[in-house]
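Trainee: Before we look at the model, I would like each label tied to its cut-off. Please set the values against the definitions as we go.

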Amino acid sequence: MNREVTELDFRKPEFRHAKVEDYEFRDDGALVRKDRWITGMRTISSLMGNRGGFEIDDVVEQVGRLVGNWCPPDPDEDPGLERIDIRLSCGSVLAGCERTGPFAYRWPFGNITFTSKDFGADVVEWQESPPPPAATA
């Protein structure tokens with residue numbers, strides 16, 4: 001019942017049946033598959049609900065919508081938009097802050113106004129708000 005030892009018996013299990021031409025060394029010296037970027041993009045595309053083929057730009061756009069397009073606050077740069085979402089230093093997100101004047105945004109649910117002095121202080125990120133939902137009759 002004993003079998004003869006082969007070269008494969010000396011390989012790590014994860015590389016036992018691997019082809020040398022499918023691998024390369026990463027900058028940190030780790031041995032990795034050459035197709036890891038393609039495999040990763042396919043996995044992300046699948047997680048985003050895509051089936052079959054996809055365009056990379058479309059997947060990047062989907063991920064951007066999912067995670068948001070958060071911008072670092074700059075007290076010298078007014079976002080200049082009609083509605084923005086604000087992330088505070090405590091992690092809270094105040095959605096739908098409405099522009100009330102130059103570099104002034106009011107959160108309607110708490111009646112709080114944020115100005116340039118708050119950007120970079122308590123306001124740690126902002127992004128453009130989606131338009132409010134249409135009223136139904």
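Trainee: Why is Cys 90 called exposed?

Mentor: Exposed means over 50% relative accessible area, buried under 20%, and partly exposed in between, with a 1.4 Å probe and protein chains only. Cys 90 has 59% relative accessibility, so the label is exposed. This is a predicted model, where local features need pLDDT of at least 70 and side-chain atom pairs count only at pLDDT 80 or more, while totals for chains, interfaces and linings use all residues. Residues are numbered from 1 along each chain as its sequence is written, and side-chain values use heavy atoms, with hydrogens and water left out.

Trainee: Is Cys 97 buried or exposed?

Mentor: Cys 97 is buried, because its relative accessible area is 0%.

Trainee: How do you know how many disulfides the structure holds?

Mentor: A disulfide is a pair of cysteine sulfur atoms within 2.5 Å. For Cys 90 the closest cysteine sulfur is that of Cys 97, and 13 Å is too far for a bond. Seen from Cys 97, the closest is in Cys 90, again at 13 Å. The structure therefore holds 0 disulfides.

Trainee: What makes up the secondary structure of the protein?

Mentor: There are 2 helices and 7 strands, in the order β-β-α-α-β-β-β-β-β from the N terminus. Helices (H or I, at least four residues) and strands (E, at least two) are DSSP runs, numbered from the N terminus.

Trainee: Why is the protein called more spread out than a compact globule?

Mentor: The radius of gyration is taken over C-alpha atoms, and the globule rule is 2.2 Å times the number of residues to the power 0.38. For 137 residues the rule gives 14 Å, and the protein has 25 Å, well over that value, so it is more spread out than a compact globule. Along the principal axes, its C-alpha atoms fill a box of roughly 80 × 40 × 30 Å. Buried residues are 21% of the 137 residues.

Trainee: What surrounds Phe 114, and is it buried or exposed?

Mentor: Phe 114 lies in strand β6 and is buried, because its relative accessible area is 5%. Contact means heavy atoms within 4.5 Å. Not counting residues up to four places away in sequence, Phe 114 touches Ile 86, Leu 88, Leu 94, Phe 103, Ala 104, Tyr 105, Trp 107, Phe 119 and Val 123. The C-alpha atoms of Phe 114 and Arg 99 are separated by 9.5 Å, and the two are 15 residues apart along the chain.

Trainee: Where is Asp 118, and what does it touch?

Mentor: Asp 118 sits in the loop between β6 (112–115) and β7 (123–128). Its contacts are Thr 113 and Val 123, again leaving out residues up to four places away in sequence. A relative accessible area of 13% makes Asp 118 buried.

Trainee: What makes the phi of Phe 103 worth a remark?

Mentor: Most residues other than glycine have a negative phi. Phe 103 is a residue other than glycine, yet its phi is positive, near 50 degrees. Phe 103 lies in the loop between β4 (93–101) and β5 (104–107), and is buried at 11% relative accessible area.

Trainee: What is the phi of Asn 111, and is that residue buried or exposed?

Mentor: Asn 111 is not a glycine, but has a positive phi of about 50 degrees. Asn 111 lies in the loop between β5 and β6. With 57% relative accessible area, Asn 111 is exposed.
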